[in-house]
Every structure is written in structure tokens, then in C-alpha cells.
Amino acid sequence: MKAFSISHYKKNSDLQLVDVPKPVLKENEVLVEIHAASVNLLDSKLKSGEFKLIVPYKLPLILGHDVAGIVVKVGSEVKSFNVGDEIYARPADFHIGTFAEFISIDEKDVALKPKNLTMEEAASIPLVGLTAWQALVERANIQKGQKVFIQAGSGGVGTFAIQLAKDLGATVATTASEKSFEFLKDLGADVLIDYKKQNFEDMLSGYDMVLNSQDPKTLEKSLEVVKPGGKIISISGPPTPVFAKEFNLPWYVKFAIKLMSSKIRKIAEKKNVNYSFLFMKANRKQLAEITKLIEAGKIRSVIDKVFPFENTNEAVKYVESGRAKGKVVIKMK
């Protein structure tokens with residue numbers, strides 16, 4: 001089969017189109033013929049080696065964390081899926097590789113595709129949907145009437161998180177350029193801040209939660225808008241000792257992480273704000289809950305561009321440019 005992979009870590013390098021054997025199926029896995037995948041900043045960060053201490057992959061590595069496709073073979077122990085099922089998934093860490101024609105995935109990471117979405121739309125959902133769910137529902141337990149600040153509202157995670165927060169009954173503030181305001185209002189954003197002209201820390205206060213996806217300076221400013229007892233959940237770092245312990249990282253990585261996050265943890269503690277780092281995990285049950293919201297019309301897929309499989313490198317570069325509104329999808333079929 002054909003696949004796009006990397007053989008070494010390098011920031012501005014292209015993925016290589018290679019011929020590799022089809023995956024060998026284990027008894028708990030389904031073999032999926034990939035119809036669409038989507039590109040995430042995580043793919044770019046893995047390519048550059050930014051996360052090699054946290055997720056030390058063996059190279060060469062096929063990238064890609066989102067998939068929609070059809071089950072073409074099932075392992076002997078698989079109970080929930082049959083050949084012909086239309087599915088979507090975020091394969092688990094160390095089992096990624098959706099920039100390819102086929103992938104084998106543990107059935108515990110797979111969900112049936114929402115009936116009202118195309119393959120391209122479904123492929124845009126899993127990683128950003130699970131990230132938003134694990135931040136807003138699992139970790140922050142957002143309730144009706146609370147206030148949530150979601151940074152970079154027009155990005156992949158932002159467009160999904162705004163819709164989920166609104167469905168949970170929260171008041172939602174977000175940052176974006178002014179040209180995206182109408183689009184974000186339509187998704188449910190209540191307070192819109194033009195990051196080019198306005199400082200969010202001057203406009204927001206008393207927020208229950210911030211979903212941080214930006215740089216360390218923005219993270220520190222976010223502490224100004226959270227009320228005592230509130231939460232900042234960051235998907236861009238720095239990781240924390242709690243995360244390092246949970247992921248069972250080597251002692252020297254734990255030590256480095258402790259140093260890296262010491263400043264923000266101290267400031268957060270002083271302000272009585274709970275700071276945590278989120279590195280989302282594959283989760284079939286949560287994806288099935290997301291499916292219910294999508295099929296009920298409460299959350300929709302937001303896609304900026306669809307690229308053909310052979311143009312995967314262009315799709316990755318477009319995501320890296322930061323210009324995408326919503327998700328960027330690769331179409332195989």
C-alpha cells in the first residue's frame with residue numbers, strides 16, 4: 001500500500017510517499033480501508049521531533065491521527081464490528097498512521113461513523129472532538145451557566161470546543177481575527193476578541209475555565225481571567241509532573257518536565273487556579289457520545305479545505321501556516 005512517512009525528525013521536511021506492506025491484523029483489531037484522514041498540528045509537531053520525549057516513536061513513521069473508512073477485515077476476537085461497517089477513529093498513540101491506504105486499529109478505539117456525515121466530514125472530528133470532550137467534560141466538568149474561554153476559536157479544536165461548550169450551557173469567549181467573527185458567532189461564541197487589536201486579559205474576568213492552545217506568554221495572561229478555583233487546561237504545554245507520572249515517562253524526562261512547568265505551576269498555585277496539561281487519548285466511548293451530538297445536529301463538522309491523497313504534503317503545510325478555519329482533510333477515496 002502507499003503511505004506518507006518520515007524517516008527522521010526535521011521541522012521543514014516533506015513527508016515521503018512510500019510503498020509499505022499492508023498492516024498485519026491482530027485478533028483485537030479491525031483493518032480499515034481509509035477513505036479520508038485529517039491533518040492536525042500534532043502531526044507537524046511529531047514530524048519536527050517536538051514530542052519525541054513524550055511519545056518516542058520508532059522511525060520510519062507513518063503520520064496521521066484521524067481516520068474515516070470502511071472495515072474490510074476483522075480480527076478473531078473482534079465483537080463490535082463487521083466487514084462493511086463505516087467507522088471513524090483516532091488510533092491510539094504508537095498505533096497511528098492514517099496517511100495511508102489502510103490501517104489496523106484496536107476495536108476499543110473505533111466508533112461507527114455518524115450517519116449524517118460524509119467520510120471527509122467524519123475524518124475531521126476524532127482528534128479535535130476527543131480533545132474538546134476530555135478538556136470540557138471529563139476534566140473541567142463544565143456546567144450550565146459557567147464561563148469558558150477558548151483560545152484560537154477558528155482552529156480545529158476551537159471550532160469543535162465552542163460548539164461543545166455551548167451545548168453544555170456555557171457562555172463562550174474566544175479569540176480570532178475580526179473576519180472570522182460572524183462564522184464563530186454562528187458556531188455559538190458569545191464574546192469575540194480580535195487578537196490583533198485587543199488584549200483578552202483586559203476584557204475577560206471571572207472565567208471558570210480556559211482552554212489554552214497558544215504560547216507560554218498567552219498562558220500566563222490567561223491566569224488573569226480565571227476566577228479563584230477555576231481551571232486552565234493547556235493542550236500546548238508545558239506538561240506537568242502529574243502528566244509525566246500518568247504516562248510513566250523516564251525519570252530524566254520527569255525531571256525536565258518538572259523544571260519546564262515550575263513557573264506556571266507556581267503562579268497558578270498562588271492565584272488558586274488549577275493548571276493541567278492535556279495530551280488527549282483515544283477513547284471509543286467518548287467518540288460514541290460525540291456521534292450522538294453530531295447525529296442530533298448539535299455539533300457540525302467544520303472543514304476549510306480537502307486535499308487529494310497525493311497532495312498530503314501541501315495539506316500539512318497549509319495546517320502549519322495557521323490560516324485554516326476548522327479542519328484540513330485528505331481524501332483517499
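**Helix 3**

Helix 3 is largely enclosed by the rest of the structure, because 11 of its 14 residues are buried. This is a predicted model, and a residue is called buried here when its relative accessible area is under 20%. The buried residues of helix 3 are P126, L127, V128, G129, L130, T131, A132, W133, Q134, A135 and L136.

The helix spans residues 126-139 and has a kink of about 30°, centred on W133. W133 is also among the buried residues of helix 3. After helix 3 comes N141, which has a positive phi, near 50°.

**Strand 12 and its partners**

Strand 12 covers residues 207-212, and six of the six are buried, so this strand too is largely enclosed by the rest of the structure. Strand 12 runs parallel to strand 9 (residues 147-150), and three bridges join the two. In this pairing, V148 has M209 of strand 12 as its bridge partner.

Strand 12 is also joined to strand 13 (residues 226-234), by five bridges, and these two strands run parallel. Here M209 has K231 of strand 13 as its bridge partner. Between strand 12 and strand 13 the chain passes through helix 7 (residues 216-222), forming a right-handed β-α-β crossover.

L53 counts as exposed because its relative accessibility is 52%, and the cut-off for exposed is over 50%.

How values were computed
Residues are numbered from 1 along each chain as its sequence is written. This is a predicted model: local features need pLDDT of at least 70, side-chain atom pairs count only at pLDDT 80 or more; totals for chains, interfaces and linings use all residues. Side-chain values use heavy atoms; hydrogens and water are left out. Buried means under 20% relative accessible area, exposed over 50%, partly exposed in between (1.4 Å probe, protein chains only). The bend at a residue is the angle between axes fitted to the seven residues ending there and the seven starting there. Helices (H or I, at least four residues) and strands (E, at least two) are DSSP runs, numbered from the N terminus. Two strands pair if DSSP finds at least two bridges between them. A crossover is right-handed if, with the strands pointing away from the viewer, the path from the first strand over the helix to the second runs clockwise.
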